[in-house]
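Student: I have a model open and would like to learn how to read it feature by feature. Could you walk me through it?

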Amino acid sequence: MNHIILHRQPLDTSPTEPAPCSSPVSLGTPPPSGEERLVAWAMARGGRLLVVDDSPTNRLLTAALMRKVGFTVDTADGGAEAVASVAGAEPPYDAVLMDVAMPEVDGIAATLAIRAMTGARAMVPIIAVTAHGFAEDRDRCVFAGMNDYVPKPVRRPELLAALKRWLEPGMPEGETVKRTNPVP
């Protein structure tokens with residue numbers, strides 16, 4: 001049987017000079033992480049979101065994550081309610097976070113109904129938030145007119161990155177759906 005034995009190395013007590021500072025940024029403050037930059041973007045931008053999920057737990061969790069970073073959030077417990085909410089929202093939503101697999105009116109049917117609306121409401125960014133991660137599922141979302149795809153379990157950095165892609169000015173015309181890859 002192999003055993004690995006770790007030995008503590010003696011402390012080096014020889015006098016050394018401190019390392020020179022190479023830049024004024026190295027004051028012990030690390031640069032902001034990607035998630036911190038996304039949170040700062042969300043806090044500065046804000047906006048109005050609709051979270052659609054038939055699971056009360058998922059709806060509550062996603063809404064809380066988005067409220068914590070500065071968004072105003074409404075919720076819907078199914079596709080029919082989502083379509084009615086988008087149609088009647090004043091002011092219109094900035095984006096919709098849509099579960100795909102829901103009873104009665106699923107996320108695909110709800111997205112098709114929203115895309116059939118007239119005016120700016122038909123163009124609201126719709127981000128699929130789903131546990132279905134197969135290529136066929138993503139293709140169904142694209143075909144229905146969803147703009148982006150974030151797999152469950154929801155991770156705040158992935159969701160914020162998807163929102164930033166679609167709410168940031170300068171989004172290229174005709175941009176196709178993007179898949180947000182799960183964090184390893």
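Tutor: Gladly, and keep in mind that this is a predicted model. Let's start at a proline: P91 sits in the loop that links helix 3 (79-88) to strand 3 (95-98). The peptide bond between E90 and P91 is cis, with omega about -10°.

Student: Which other residues does a cis peptide bond join?

Tutor: K152 and P153 are joined by a cis peptide bond too, and omega there is about 0°. P153 belongs to the loop between strand 5 (148-151) and helix 6 (156-167).

Student: Is E104 buried or exposed?

Tutor: The general idea is to compare the relative accessible area with a cut-off: over 50% counts as exposed, under 20% as buried. E104 has a relative accessible area of 83%, so E104 is exposed.

Student: Let me try a helix residue. Is T111 buried or exposed?

Tutor: T111 lies in helix 4. Its relative accessible area is 0%, so T111 is buried. Setting aside residues up to four places away in sequence, T111 touches M98, I126, A144, G145 and M146.

Student: And a loop residue, V154: is that one buried or exposed?

Tutor: V154 is in the loop between strand 5 and helix 6, the loop where P153 is also found. With a relative accessible area of 17%, V154 falls under the 20% cut-off and is therefore buried. Beyond its neighbours within four places in sequence, V154 contacts T62, L65, V129 and L159.

Student: How many residues apart along the chain are V154 and L61?

Tutor: They are 93 residues apart along the chain, while their C-alpha atoms are separated by 8.8 Å. For the chain as a whole, take the contacts between residues at least 6 apart in sequence: 67% of them join residues at least 24 apart.

Student: What share of the chain is buried?

Tutor: Of the 184 residues in the chain, 38% are buried.

Student: Let's turn to the fold. What pattern does the chain follow along the sequence?

Tutor: To read a fold, list the helices and strands in order, then ask how the strands pair. Here there are six helices and six strands, and along the sequence they run α-β-α-β-α-β-α-β-α-β-α-β. Strand 1 (residues 47-52) pairs with strand 2 (residues 71-76) in the parallel sense, over six bridges. Between these two strands the chain passes through helix 2 (residues 56-68), and this β-α-β crossover is right-handed.

Student: Which residue in strand 2 is the bridge partner of L49?

Tutor: The partner is V73.

Key: Residues numbered from 1 in each chain as written. Predicted model: local features only at pLDDT ≥ 70, side-chain atom pairs only at ≥ 80, totals over all residues. Heavy atoms only, no water. Pairing = 2+ DSSP bridges. Helix = DSSP H or I, 4+ residues; strand = E, 2+ residues; numbered from the N terminus. Right-handed = clockwise from strand over helix to strand, strands pointing away. Buried < 20%, exposed > 50% of the residue type's maximum accessible area, 1.4 Å probe, protein only. Contact = heavy atoms within 4.5 Å.
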